Amino acid sequence: MKVLKTGKSAGGVDIQIEEWRENYSFMPYGSTLAFYPESKATHKGQFAPKAGESYRFSFEFPSNEEAEAAFTELESGNSTFTDYLKYWAGKPEYRDCI
């Protein structure tokens, strides 16, 4: 995995575009947008999100261009993480964390 681009959302959350294709050939180049907000909910399990703690979540876009567009919109404040839930790459029950 390679980090292609880093930044912050308008709300101050760390965001990055990741390249996983070199590890997983089925993935489109640079299509993962990862972000590290403080979780708004707590879930059971040692490695599950806990309210108030930073946690890694991600979206899987169909292309790098779409991941880049979302990155730009998040940085500018023109969109929020919940605008991209259809690209959610995590456990469905963790959606309440963002």
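Which residue in β3 is the bridge partner of I15? The partner is F35. The legends below place this pair in its setting.

This is a predicted model, in which local features need pLDDT of at least 70, side-chain atom pairs count only at pLDDT 80 or more, and totals for chains, interfaces and linings use all residues. Residues are numbered from 1 along each chain as its sequence is written, and side-chain values use heavy atoms, with hydrogens and water left out.

**View 1. The whole chain has 1 helix and 4 strands.** Helices (H or I, at least four residues) and strands (E, at least two) are DSSP runs, numbered from the N terminus. Along the sequence the pattern reads β-β-β-β-α. The radius of gyration is 13 Å, close to the 13 Å from the globule rule for 98 residues, so the protein is as compact as a globular protein of that length. That radius is taken over C-alpha atoms, and the rule is 2.2 Å times the number of residues to the power 0.38. The C-alpha trace spans about 35 × 30 × 20 Å along its principal axes. Of the 98 residues, 39% are buried. Buried means under 20% relative accessible area, exposed over 50%, and partly exposed in between (1.4 Å probe, protein chains only). Among contacts (heavy atoms within 4.5 Å) with a separation of 6 or more, 47% join residues 24 or more positions apart.

**View 2. An open sheet is built from 4 strands in the order β1-β2-β3-β4.** The pairing is antiparallel. Two strands pair if DSSP finds at least two bridges between them. β1 (2–8) and β4 are the edge strands, each pairing on one side only. Neighbouring strands are turned by 20° against each other on average, direction ignored. α1 packs on the sheet and touches β1, β2 and β3. The helix direction makes about 170° with that of β2. Axes are lines fitted to C-alpha atoms, for helices over the stretch in contact, and angles run from 0 to 180 degrees between N-to-C directions.

**View 3. β1 and β2 form a hairpin.** Between the two strands lie 5 residues. G12, in the turn, has a positive phi of about 90°. The antiparallel strands β1 and β2 are joined by 6 bridges. T6 has Q16 as its bridge partner in β2.

View 4. β2 and β3 run antiparallel and are joined by 4 bridges.

**View 5. Salt bridges number 4 in this model.** A salt bridge is a side-chain nitrogen of Lys or Arg within 4 Å of a carboxyl oxygen of Asp or Glu. R56 pairs with E18, the closest N and O atoms being 2.4 Å apart. R56 lies in the loop between β3 and β4 and E18 in strand β2, so the pair ties together parts 38 residues apart in sequence. E18 is buried, at 0% relative accessible area, whereas R56 is partly exposed, at 33%. K8 and D14 also meet in a salt bridge (2.4 Å, N to O). K8 is partly exposed at 46%, and D14 is partly exposed at 37%. A further salt bridge joins K2 and E22 (3.8 Å, N to O). K2 is in strand β1 and E22 in the loop between β2 and β3, 20 residues apart. K2 is partly exposed, with 44% relative accessibility.

**View 6. K40 is found in the loop between β3 and β4.** K40 is exposed, with a relative accessible area of 65%. Not counting residues up to four places away in sequence, K40 touches A51, D96, C97 and I98. K40 and K8 are 18 Å apart, C-alpha to C-alpha, and 32 residues apart in sequence.
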